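Here is a friendly briefing to read alongside the sequence and the coordinates. Keep both open as you go through the points.

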Amino acid sequence: MKNLVIVESPAKAKTIEKFLGQDFFVTSSRGHIRDLASGNNAIDIKNGFKPKYEVSDDKKALVKELKKLVSSAEIIWLATDEDREGEAISWHLFDELKLNTSNTKRIVFNEITKPAILKAVANPRSIDNFLVDAQQARRVLDRLVGFELSPVLWKKVKPGLSAGRVQSVAVRLVVEREREINDFTSKSEYRITAIFKNSAGKSLKAELAKRFKTEAEANAFLESIKGADFKVENLEVKPTFRNPAPPFTTSTLQQEASRKLGYDVTRTMQIAQKLYENGHISYMRTDSVNLSLTAINGAKEEILKEYGEEFSQTRKFSTKSENAQEAHEAIRPTYFNNRNSGADPQQKRLYELIWKRAIASQMTRAELEKTIITISNNKNGELFKVEGEIIKFEGFLKVYLESTDDEDEENDESVLPAVALNEALNTNEIQATEKFAKSAPRYTEASLVKKLEELGIGRPSTYAPTIQTVQKRGYVVSESREGYKRNIIQLVLVNNQIERKTIEEKFGFEKNKLFPTDIGMIVTDFLFENFHDVMDYGFTASVEKEFDEIAKGLKGWQSMIADFYSPFSECVVKTSETGLRATGERILGKDPETGYDVLVRMGRYGALVQLGSKDDTETPVFASLLPNQSLEQIDLEQALKLFSLAKQEMTYKDQPVSVGKGRYGPYIKLDGKFISLPSDTNILEFSNDHVTAFLDDYYSRPQLPRDVGNYNDHVLSVNKGRFGPYIKFGDLFVSLAKSDDPYTISLERAIELCEAKAKTEASKVIKSFEQDSNIQVLNGRYGAYIKFGKDNVKIPANVEPEQMTYEQVIEIIKNQAPVPAKEKSAPKAKTAAPKAKAKAKTTAKPKATKTIAKK
């Protein structure tokens with residue numbers, strides 16, 4: 001083999017392979033081939049923070065295959081992404097595969113097109129060790145912070161918690177915004193609007209320039225303008241314009257995809273990754289808004305062809321951030337004359353968004369005419385105003401208009417009818433409507449990314465993982481919540497009579513917003529109090545700048561880590577020894593019956609209220625908070641209602657019954673048995689009649705598990721598991737549809753579901769082997785894999801699943817799942833080599849695993 005090209009992903013490999021000749025073989029490392037070793041010994045702190053790297057078990061077979069390929073290649077081309085992480089992947093490949101500088105070349109490109117690939121091959125370079133050091137510094141620092149902070153949280157807050165350098169700051173932003181909203185007091189004002197008609201009978205809606213604080217003031221104003229004559233006091237018409245937004249960066253793409261397409265940041269980056277790997281867009285992790293001259297010319301050619309010369313205006317955008325790095329160009333289509341990215345609907349939608357934004361950036365500005373009409377009356381000096389605008393020339397608006405995060409829908413400007421100065425206007429109705437002030441909005445994933453970018457925290461490659469991690473750890477949830485209803489006052493002046501109305505208004509509806517959890521708030525407070533630097537926005541941003549300096553060769557990474565670690569480790573020791581436990585405990589007041597303190601705190605399985613301490617009574621009473629309650633917002637009255645459930649004497653057929661909420665949701669407890677209630681049950685309103693009706697229905701059903709009949713020599717048994725009701729059919733677990741009732745499902749319906757499941761499972765089978773029925777090659781969600789009994793084994797890159805032999809499968813199983821022979825042995829192939837001598841026994845107790853019979 002003359003040339004071996006190594007990239008990160010199989011999809012990228014397939015695309016690049018089309019552009020290179022027969023002398024090139026392109027393969028994939030499938031991301032990083034190694035990472036910091038697991039456990040606490042990954043970093044040698046006493047030896048200059050030297051990291052210890054190891055190849056993960058699932059990559060050992062791949063590394064072995066890559067070494068074989070390398071040994072037969074004359075030249076090795078490392079073609080991983082051009083950002084710091086991509087540079088680090090190339091460095092790890094170089095080091096682990098024992099490559100030589102004499103025949104190893106590093107190539108980079110920011111788009112996967114034939115010209116870009118051929119240009120990269122013609123201009124190779126060596127690995128940039130400064131970029132590698134910057135990425136290494138990030139990994140080492142984040143590992144140190146995570147591994148040293150987490151045990152402190154286990155000891156002082158709750159077992160199983162974890163902390164991260166950037167993630168903890170992101171959670172702080174969400175927590176502070178939530179508290180800002182909770183502390184906000186919404187005050188109302190009265191907004192005066194009027195519908196006027198001109199001499200031609202055309203309507204326009206205008207608003208009084210001032211607002212009134214009370215209903216009495218609003219009413220007094222309406223009284224003062226009864227019978228008033230109105231006229232156009234001033235008419236201002238002035239030209240204005242709008243310029244197009246620059247092409248997308250990672251951050252702005254995530255924000256706009258959220259606004260226009262409803263995609264979360266992780267989904268956006270996954271789709272963008274596929275578009276990049278398939279050669280449709282330039283590299284998608286970038287904070288640059290620059291476009292190459294080739295791209296600018298390509299956009300201009302397409303604009304001239306599709307829209308004409310009057311719509312073309314070449315623009316060069318410059319990046320505001322002085323530390324802009326990653327890729328050196330904005331996100332754009334690789335070919336502007338390509339309007340379609342393929343059949344996948346999600347990719348098509350995101351590609352269209354990228355194409356429109358990039359093409360619009362090279363179009364002329366939109367020319368508008370803005371009109372401001374001022375309306376006076378002959379009763380008082382108050383003025384009504386209305387603004388509107390019309391488009392005189394579309395410019396870039398013909399293609400694209402950027403969205404905003406502004407949730408106030410009252411600022412929409414409209415096209416106004418023609419009026420003349422001093423023209424008399426008629427009005428049929430003037431309204432004074434109560435309007436409540438709004439708090440700052442909660443963050444969406446995209447607006448949180450925007451805030452992190454504004455603060456200089458994180459980089460394009462870290463935004464999506466950060467948002468994903470804080471949710472995975474349970475510190476933040478993204479969800480939609482129903483709003484509330486309230487009555488507002490409206491005064492209407494019609495025919496010189498004022499009518500007072502009460503109108504119902506909906507408010508507070510939240511769609512896909514970020515909410516901190518109780519444990520997220522407790523951890524944030526604990527870290528802020530004890531590790532202020534780690535939680536400080538400015539300090540976190542300064543760390544990012546230091547990474548940038550390392551990437552430019554201006555600073556050594558070990559010295560940067562040392563400067564951070566010394567005071568940090570001292571703080572860890574001090575907090576671990578003397579820091580106070582954090583439970584979020586708050587005393588709400590006294591129980592009027594017992595006089596005991598009522599408090600709220602975080603318990604082992606979640607937030608709870610507690611009646612009485614161990615000093616008050618041997619048996620304090622506990623109750624879990626409901627889903628819509630939080631540690632910081634629950635009050636004494638709400639807590640007492642939760643306790644009333646435990647005190648409430650309810651019975652079912654003369655047996656005592658209690659209702660409560662536990663770790664797995666609301667329940668009824670009867671005769672020592674816990675019976676789950678529907679998750680949306682409001683247990684505060686659950687009376688004895690509700691209990692009786694629910695239990696009557698519950699016991700009228702056949703109890704689970706229940707056998708519904710036989711099929712193909714198997715008993716079909718229906719039961720309920722952790723993820724809902726299912727049918728046990730041989731070795732298959734078949735989930736029931738939401739419309740299926742596990743208590744009444746018929747044998748015919750059960751057979752239908754089982755057949756469908758069996759058909760689906762059969763379609764996954766790529767290959768089976770007569771030698772051992774326990775081994776199959778299956779097609780899974782993330783690609784083909786080997787099923788070995790109950791274990792799943794990854795298939796190395798460059799191995800075609802359909803062509804695999806039994807001997808190859810056995811070899812892969814041995815390489816990826818090495819366990820002591822007495823514990824588990826892979827079945828022997830007929831051509832297997834003689835068995836090696838057994839190693840000496842160790843004192844470690846082996847884990848219990850299955851043993852496959854030898855063939």
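This is a predicted model: local features need pLDDT of at least 70, side-chain atom pairs count only at pLDDT 80 or more; totals for chains, interfaces and linings use all residues.

Residues are numbered from 1 along each chain as its sequence is written, and side-chain values use heavy atoms, with hydrogens and water left out. Helices (H or I, at least four residues) and strands (E, at least two) are DSSP runs, numbered from the N terminus. For accessibility, buried means under 20% relative accessible area, exposed means over 50%, and partly exposed is in between (1.4 Å probe, protein chains only).

**Salt bridges**

- A salt bridge here is a side-chain nitrogen of Lys or Arg within 4 Å of a carboxyl oxygen of Asp or Glu; by this rule the count comes to 47 salt bridges.
- One of them joins the side chains of Lys12 and Asp81, at 2.7 Å from N to O. This pair links distant parts of the chain, 69 residues apart: Lys12 sits in helix α1 (residues 10-17), and Asp81 in the loop between β7 (75-78) and α3 (84-96). Both Lys12 and Asp81 are buried.
- Glu180 and Arg177 also meet through their side chains in a salt bridge, at 3.4 Å from N to O. Both lie in helix α6 (residues 165-183), 3 residues apart, which is about one turn of the helix. Glu180 is partly exposed because its relative accessible area is 43%, whereas Arg177, at 18%, is buried.
- Glu382 and Lys210 form another side-chain salt bridge, at 3.9 Å from N to O. This pair again links distant parts of the chain, 172 residues apart: Glu382 is in the loop between β12 and β13 (384-393), and Lys210 is in the loop between β10 (203-208) and α7 (215-224). With a relative accessible area of 26%, Glu382 is partly exposed, and Lys210 is partly exposed at 36%.
- Salt bridges that share partners tie Glu8, Lys12, Asp81, Asp83 and Arg285 into one network.

**Ser361**

- Look for Ser361 in the loop between α11 (345-360) and β12 (366-377). Its relative accessibility is 0%, so Ser361 counts as buried.
- The Ser361 side chain makes a polar contact with the side chain of Gln362 at 3.4 Å. A polar contact is a pair of N or O atoms within 3.5 Å; within protein, one must be able to donate a hydrogen and the other to accept it, and residues adjacent in sequence count only if both atoms are side-chain atoms.
- Contact means heavy atoms within 4.5 Å. Leaving aside neighbours within four places in sequence, Ser361 has contacts that include Pro244, Leu291, Arg315 and Phe317.

**Thr805**

- Thr805 belongs to the loop between β34 (791-794) and α21 (806-816). Its relative accessible area is 35%, so Thr805 is partly exposed.
- Thr805 and Phe769 are 36 residues apart along the chain, and their C-alpha atoms are separated by 8.7 Å.

**Strands β1 and β2**

- Strand β1 (residues 3-7) pairs with β2 in the parallel sense over 5 bridges; two strands pair if DSSP finds at least two bridges between them. Val26 in β2 is the bridge partner of Val5.
- Strand β2 (residues 24-28) is mostly covered, with 4 of its 5 residues buried.
- Together, β1, α1 and β2 make a right-handed β-α-β unit. A crossover is right-handed if, with the strands pointing away from the viewer, the path from the first strand over the helix to the second runs clockwise.
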